[in-house]
Amino acid sequence: MLEAVAAALPEIFRAGEIACGLILGSGWGEALAPDAVLARVPYAELSGYGESTVVGHRGELLLLELRGKRVVCFSGRRHYYEGCSLEQVTYPVELMRCLGVQTLLITNAAGGLNPAFRPGDLMILTDHLNLSGVNPLRGAHRPEWGPRFPDMTQVYDPELSALLEAAGGRIHRGIYAFSVGPSYETPAEVRALRLLGADAVGMSTVPEAVLAKACGMRIAALSCITNPAAGLGQTPLQHQEVLAESAQARPRMARLVADFVAALPQR
């Protein structure tokens with residue numbers, strides 16, 4: 001319960017309507033091009049969260065003005081593979097809920113499973129596969145998170161996805177598979193995920209999306225395809241490849257996020 005953390009943030013976080021929340025994965029923080037940064041809080045100052053340990057994650061909570069709208073942004077995230085609890089992994093969603101955020105855009109870097117995808121492509125998430133056994137709703141039921149058994153028929157909001165598609169030009173749609181990590185998937189696991197219908201695979205996003213959906217938020221999500229998954233490319237997988245491809249795609253990523261926020265209807 002992060003009501004006390006939300007109350008301790010600078011007053012400006014509570015001074016006006018927040019149009020959208022952002023959770024930015026590897027490379028996405030560097031792509032962000034806000035009109036203004038209204039407030040900045042390092043993760044080390046957020047009680048119970050902790051600093052990001054992954055290269056490519058800036059580790060700041062930001063209040064931004066983007067295309068004339070106020071946006072709360074977690075620039076970088078914590079991952080389950082870091083040894084974090086699920087409470088830490090989903091901390092951004094819970095803090096945003098306490099701030100009254102109703103619309104959430106989640107981004108990540110992912111490996112491409114679909115043979116039509118190329119490094120640098122962007123994919124709108126239409127659904128996900130969670131075969132990890134990890135679920136943030138496990139444990140005592142919290143009424144503020146909605147019903148005990150929330151429906152997951154449509155996690156990713158079709159109207160928000162349509163806004164992304166309109167803003168993004170040539171952009172894929174597909175199913176994202178959640179892998180706990182930190183090791184990349186084996187070629188056999190990649191083949192199995194492809195048979196199950198997955199188009200991309202990564203180590204984040206799903207725990208946050210599950211909690212946000214349970215809480216009644218509207219969610220959109222984007223993957224930057226940074227590499228072919230194991231067995232589909234010619235070279236061993238490396239995190240440096242993820243960062244390099246994200247850097248190449250940054251101008252398009254920045255435009256897409258800004259255009260999406262601009263297109264959000266006023267509440």
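This is a predicted model: local features need pLDDT of at least 70, side-chain atom pairs count only at pLDDT 80 or more; totals for chains, interfaces and linings use all residues.
Residues are numbered from 1 along each chain as its sequence is written, and side-chain values use heavy atoms, with hydrogens and water left out.

**Stop 1: Asn108 and its neighbours**

Asn108 sits in strand β5 (residues 103–112); helices (H or I, at least four residues) and strands (E, at least two) are DSSP runs, numbered from the N terminus. Draw a distance between the side chains of Asn108 and Ser223, which make a polar contact at 2.7 Å. Such a contact is a pair of N or O atoms within 3.5 Å; within protein, one must be able to donate a hydrogen and the other to accept it, and residues adjacent in sequence count only if both atoms are side-chain atoms. Leaving aside residues up to four places away in sequence, Asn108 also touches other residues, including Gly25, Trp28, Arg77, Tyr176 and Cys224, a contact being heavy atoms within 4.5 Å.

**Stop 2: the whole chain**

Zoom out to the protein chain, which has eight helices and nine strands. Buried residues make up 53% of its 267 residues. Among contacts between residues at least 6 apart in sequence, 82% join residues at least 24 apart.

**Stop 3: strand β1**

Now select β1 (residues 20–24), where five of the five residues are buried. In a regular strand the side chains alternate between the two faces of the sheet. Both faces of β1 are covered, with Cys20, Leu22 and Leu24 on one side and Gly21 and Ile23 on the other. Leu22 has Cys73 as its bridge partner in β4. β1 also pairs with β5 in the parallel sense, over three bridges, and there Leu22 stands opposite Leu105.

**Stop 4**

Move to β3 (residues 60–66), which is largely enclosed by the rest of the structure because six of its seven residues are buried. Six bridges join β3 to the antiparallel strand β2 (residues 36–42), with Val41 opposite Leu61. With β4 (residues 69–75), β3 pairs in the antiparallel sense over seven bridges. Two residues lie between the strands in the hairpin of β3 and β4, where Arg67 takes a positive phi near 50°.

Select Glu65, which lies in β3 and stands opposite Arg70 in β4. With a relative accessible area of 32%, Glu65 is partly exposed. Not counting residues up to four places away in sequence, Glu65 touches Pro34, Asp35, Ala36 and Leu38. The C-alpha atoms of Glu65 and Ala39, which are 26 residues apart along the chain, are separated by 9.9 Å.

**Stop 5**

On a 1 Å grid over the protein atoms alone, a cavity is a set of points where a 1.4 Å probe fits but cannot get out, and a pocket is an open set with protein on both sides within 12 Å along at least five of seven lines; lining residues have an atom within 4 Å of a point. Grid points are joined across faces, edges and corners, and a volume is the space filled by probe spheres set on the points.

Select Phe178, Ser179, Glu185, Glu189 and Leu193, which lie nearest the centre of the second largest pocket among its 14 lining residues. This pocket holds about 250 Å³ of space. β7 (172–178) and α6 (187–195) each supply at least two lining residues, and the largest share, three residues, comes from α6.

Two cavities of 30 Å³ or more are counted. The largest cavity, of about 60 Å³, has a lining that includes Leu137, Trp145 and Ala214. The second largest cavity has a volume of about 40 Å³, and among its lining residues are Arg77, Phe178, Ser204 and Thr205.

Technical notes: Buried means under 20% relative accessible area, exposed over 50%, partly exposed in between (1.4 Å probe, protein chains only). Two strands pair if DSSP finds at least two bridges between them.
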